[in-house]
Amino acid sequence: MAAAGGEPSAPSSSDDLFQNFYTEVKQIEKRDSVLTSKQQIDRLLRPGASYFNLNPFEVLQIDPEVTDVEIKKRFRALSILVHPDKNQDDPDRAQKAFEAVDKAYKLLLDPEQKKRAVDIISAGTEYVEHMMKEKKKQLKKDGKPVFVEEDDPEMFRQAVYKQTMKLFAELEIKRKEREAKDMHERKRAREEEIETAEKAKRDREWQKNFEETRDGRVDSWRSFQSKGKKKEKKNNRSFLKPPKVKMEQRE
C-alpha cells in the first residue's frame with residue numbers, strides 16, 4: 001500500500017486494511033458527522049489515503065445519489081475545515097488535505113468523470129450482489145441455511161465499500177501503466193525523430209563539402225592526367241629504334 005501522496009497500489013493485507021479503515025472511519029462519522037479539522041486532515045492523509053481517495057464520493061463523504069447543490073455545499077464545509085489558513089499549526093498537511101478535497105470536488109463537477117465514478121460504484125455493488133447469489137446457491141446445494149453475512153445491511157455496505165475501492169485502484173493502476181507506455185512511445189518517437197534530423201543534417205553537410213571541394217578535385221585529376229601524359233611522351237622519345245637490316249645481295 002502506498003503512503004499518503006504516493007502512487008496507489010494493491011495492499012499487502014487488503015482485508016485487514018479495508019476492515020480497520022472502514023470501521024474507524026464509520027465510527028468517527030457516527031460520533032461526529034462533520035469531524036474536526038484535525039480529524040479530517042488525519043482521515044484524508046492517513047497511510048494508504050492516496051488509494052482510498054481515488055473515490056471522490058468517499059473524499060467528500062457523500063452518497064453518489066446526492067445532487068450537485070449538495071456536493072457544492074459539502075465541499076464548502078469540508079474545504080473550510082481543512083484549509084491551511086484554518087490550520088496554521090499544521091499548514092503543510094492541511095494543504096495536502098485541501099488539495100485532495102479540491103480534486104474530488106472538481107472531478108465531480110465534470111459530468112463525464114462523475115458518471116465514471118458512479119459506474120465504478122455500481123459495478124462494485126453488482127459484484128457483491130453476484131457473489132451473494134453464488135454463495136447462497138452453494139449453501140442451498142449443500143443443504144445449509146441460505147444466509148450470508150452480506151445480508152446484514154452494514155456488512156453489505158462494507159463489502160461494497162471494499163470492492164469499490166479495489167475497482168478504483170485497479171483502474172488507476174491501468175491508467176498509470178497506459179500513461180507510462182504512452183510516454184515511452186512518445187520518447188522513442190522523439191528519439192527517432194532527432195536521429196532522422198541529425199542524419200539528414202550530416203547528409204547535407206557531406207553534400208555541401210562534396211560540392212565545395214569538387215573543383216579542387218577536378219583540377220587535381222586534370223593535373224595528374226597532364227603529368228602522366230608528359231611523362232609518357234618523354235619516355236617514348238628515349239626509346240632506341242632497332243637498326244635496319246640490309247639484305248645481302250647474291251651474285
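Trainee: Why is R188 called partly exposed?

Mentor: R188 has a relative accessible area of 38%. Buried means under 20%, exposed means over 50%, and partly exposed is in between (1.4 Å probe, protein chains only). With 38%, R188 is therefore partly exposed.

Trainee: And what should I know about the model itself?

Mentor: This is a predicted model, where local features need pLDDT of at least 70 and side-chain atom pairs count only at pLDDT 80 or more, while totals for chains, interfaces and linings use all residues. Residues are numbered from 1 along each chain as its sequence is written, and side-chain values use heavy atoms, with hydrogens and water left out.

Trainee: What makes R188 and E185 a salt bridge?

Mentor: A salt bridge is a side-chain nitrogen of Lys or Arg within 4 Å of a carboxyl oxygen of Asp or Glu. The closest N and O atoms of R188 and E185 are 2.8 Å apart, so the pair passes. Both residues lie in helix α8, three residues apart, about one turn of the helix. An α-helix has 3.6 residues a turn, so residues three or four places apart point the same way. E185 counts as partly exposed too, because its relative accessible area is 33%.

Trainee: What makes α8 a helix, and how close is its reach to the expected 88 Å?

Mentor: Helices are DSSP runs of H or I with at least four residues (strands are runs of E with at least two), numbered from the N terminus. Helix α8 covers residues 153-212, which is 60 residues. The expected span is 1.5 Å times one less than the number of residues. From first C-alpha to last, α8 reaches 88 Å, close to the 88 Å expected. The buried residues of α8 include Y161, M165 and F168.

Trainee: Why do E150 and K135 count as a tie between parts of the chain?

Mentor: Their side chains meet in a salt bridge at 3.1 Å, N to O. E150 lies in the loop between α7 (111-141) and α8, and K135 in helix α7, so the pair ties together parts that are 15 residues apart in sequence. E150 is buried because its relative accessible area is 9%, while K135, at 36%, counts as partly exposed.

Trainee: How many salt bridges are found in the whole structure?

Mentor: The search finds 16.

Trainee: What makes the pair of F75 and Y105 stacked?

Mentor: Let's take the two aromatic pairs in turn. Y51 and F52 are edge-to-face: 5.7 Å centre to centre, with 80° between the planes. F75 and Y105 are 3.9 Å centre to centre, with 5° between the planes. Rings of Phe, Tyr and Trp (its six-membered ring) pair if their centres lie within 6.5 Å; planes under 30 degrees apart count as stacked, over 60 as edge-to-face and the rest as tilted. At 5°, F75 and Y105 are therefore stacked. This pair links distant parts of the chain, with F75 in helix α5 (residues 68-82) and Y105 in helix α6 (residues 91-109), 30 residues apart. Both F75 and Y105 are buried.

Trainee: How do you know that S37 counts as buried?

Mentor: S37, in helix α2 (residues 37-45), has 13% relative accessibility, so S37 counts as buried. Contact means heavy atoms within 4.5 Å. Leaving aside neighbours within four places in sequence, S37 is in contact with L81, K86 and N87.
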